[in-house]
Amino acid sequence: MSTERPAPNPLHHDGVDATIESDAYLAKRTLRSGSAGWVLLAGLGVSYVISGDYAGWNNGLAQGGWGGLAIAAVIIAGMYLAMVLGMAEMSSALPAAGGGYTFARRALGPWGGYATGIAILIEYSIAPAAIATFIGGYVQSLGLFGITDGWWVYLFVYALFIGIHLTGAGEALKAMFVITAIALVGLVIFAIFAVGKFDVHNLTDIAATDAVGASSWLPHGYLGIWAAVPFAIWFFLAIEGVPLAAEEAREPEKNVPRGIIVAMLMLVVTGATVFFLAPGAVGAQAMSTSGNPLVEALGDGTASKVVNYIGLAGLVASFFSIMYAYSRQTFALSRAGYLPKSLSVTNARKAPVLALIVPGVIGFALSLTGKGAMLLNMAVFGAALSYVLMMISHIVLRRREPDMPRPYRTPGGIVTTSFALVIACIAVVATFLVDPKAAGLTLAAFAAFLVYFGVYSRHHLVANSPDEEFAALADAERDLQ
């Protein structure tokens, strides 16, 4: 006897059309639950970001000098801390694989949920491409395997880590944890040897320009602080992906908030360490154009060679983990019908096959440009836009559903997330200030996705997907009231 649920006529609500899919449909689109506790989730959060300690952030020195990047970093760290506290609350109340999309879907409806999910997906699809170019640079600088052309490296890392992810979440998360631990050891080694080379005068060796407010601390003036914002984001970019593991976590309502908060606190420490010691060792000017800042800060010697090899592990850790994030965001959007439904089908190991492969192919194609800084800015645009929408979601949910069960509550409530919202809006504008072309191209891609939703996918949603059911439950409760 069949256990499949019959599909009724389409349901129309909020300007979209949805159907109830069969049990067989959902059975083909399930993840393995109970794969991670809070320690693995904290490791996942650090893994997302740790490549930002090894490369990328230092390009902000060319935009704002050490002082400008320092001010931007403090502001951005505050934004991320406030945002993480808000996301910890929402993830405890709405634990599903959609992460930010799930939160926004409940708060802002189908259009808001889709827009948030796509902004996150753009971030997570492009960030690995930027990291792949940094990995290529590290491999070439190490002279590994005689490789001189970066695209071979990009192809290898994409193929290798997609393959590992296809073995299942539990195995992938454990592998990420080990790689991340190695990368953290590299940062400790760097700090031990760099602290003896530190000279405070090296922080201000970029010559002051004639910009308004320019000084030795702010060589590019006040505007340089704003221009440095996208690079300060690189210290924390993608930590918001921890809730995407909610369906694969044990007791997600407890472990996801704990994991994301612990990860954030660790990243504040690691980011501050490299930000002070690397420019302090050889000068902000030298660091501003370096493709391998921690190694160049240590100069020649055994320590720099060790950090160089371990730095490769740091880049791999973020590449590997963000690949996990883009697959889960694609999976959730596809399962609910916002993206083609074939993207959410899982294999025998409960890994979403096409959700791993298709964004990976797109990322590999982008990596072939070799323009890591441009790709970084594109990823930051998607991230900052998603932050705006997620913080609005927290505020809306607090106002509209004050009695919704929340195992964890954000300290400060909407005041905390309102602060994050304001800074996120500033960050969106800052991406245009640094690279208008990159931000413009990303905005165009975002608009194209919205057109796809408006024309096609909003008429083909899945009413009984977990994320849609969260929203339907809220709608039903409001109707009863």
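Mentor: Helices (H or I, at least four residues) and strands (E, at least two) are DSSP runs, numbered from the N terminus. This is a predicted model, in which local features need pLDDT of at least 70 and side-chain atom pairs count only at pLDDT 80 or more, while totals for chains, interfaces and linings use all residues. Residues are numbered from 1 along each chain as its sequence is written, and side-chain values use heavy atoms, with hydrogens and water left out.

Trainee: Is Asn377 buried or exposed?

Mentor: Buried means under 20% relative accessible area, exposed over 50%, and partly exposed in between (1.4 Å probe, protein chains only). Asn377 has 2% relative accessibility and therefore counts as buried.

Trainee: Which residues is Asn377 in contact with?

Mentor: Contact means heavy atoms within 4.5 Å. Leaving aside neighbours within four places in sequence, Asn377 is in contact with Pro230, Thr431, Val434, Asp435, Ala438 and Ala439.

Trainee: How is the span of a helix read, and what does helix H4 (residues 60–93) show?

Mentor: The expected span is 1.5 Å times one less than the number of residues. For the 34 residues of H4, a straight helix would span 50 Å, yet the end C-alpha atoms of H4 are only 37 Å apart. H4 bends by about 90 degrees at Trp66; the bend is the angle between axes fitted to the seven residues ending there and the seven starting there.

Trainee: What does helix H13 (residues 302–335) reach from its first C-alpha to its last?

Mentor: H13, with 34 residues, reaches 50 Å, close to the 50 Å expected. Of its 34 residues, 30 are buried, so H13 is largely enclosed by the rest of the structure. Gly337, whose phi is positive, near 90 degrees, follows H13.

Trainee: Which residues touch the most other members of the largest nonpolar core?

Mentor: A nonpolar core is a set of buried Ala, Val, Leu, Ile, Met, Phe, Trp, Tyr and Cys residues joined through side-chain atoms within 4.5 Å. Here the largest one has 155 residues, and Tyr80, Ile135 and Phe190 touch the most other members. Helix H5 (residues 100–142) gives the most to this core, with 22 residues.

Trainee: How far does the confidence extend?

Mentor: pLDDT is the predictor's confidence in each residue, from 0 to 100. The chain averages 87, and 92% of the residues score at least 70. Over residues 1–9, however, the pLDDT is below 50. Where pLDDT is low, the predicted coordinates should not be read in detail.
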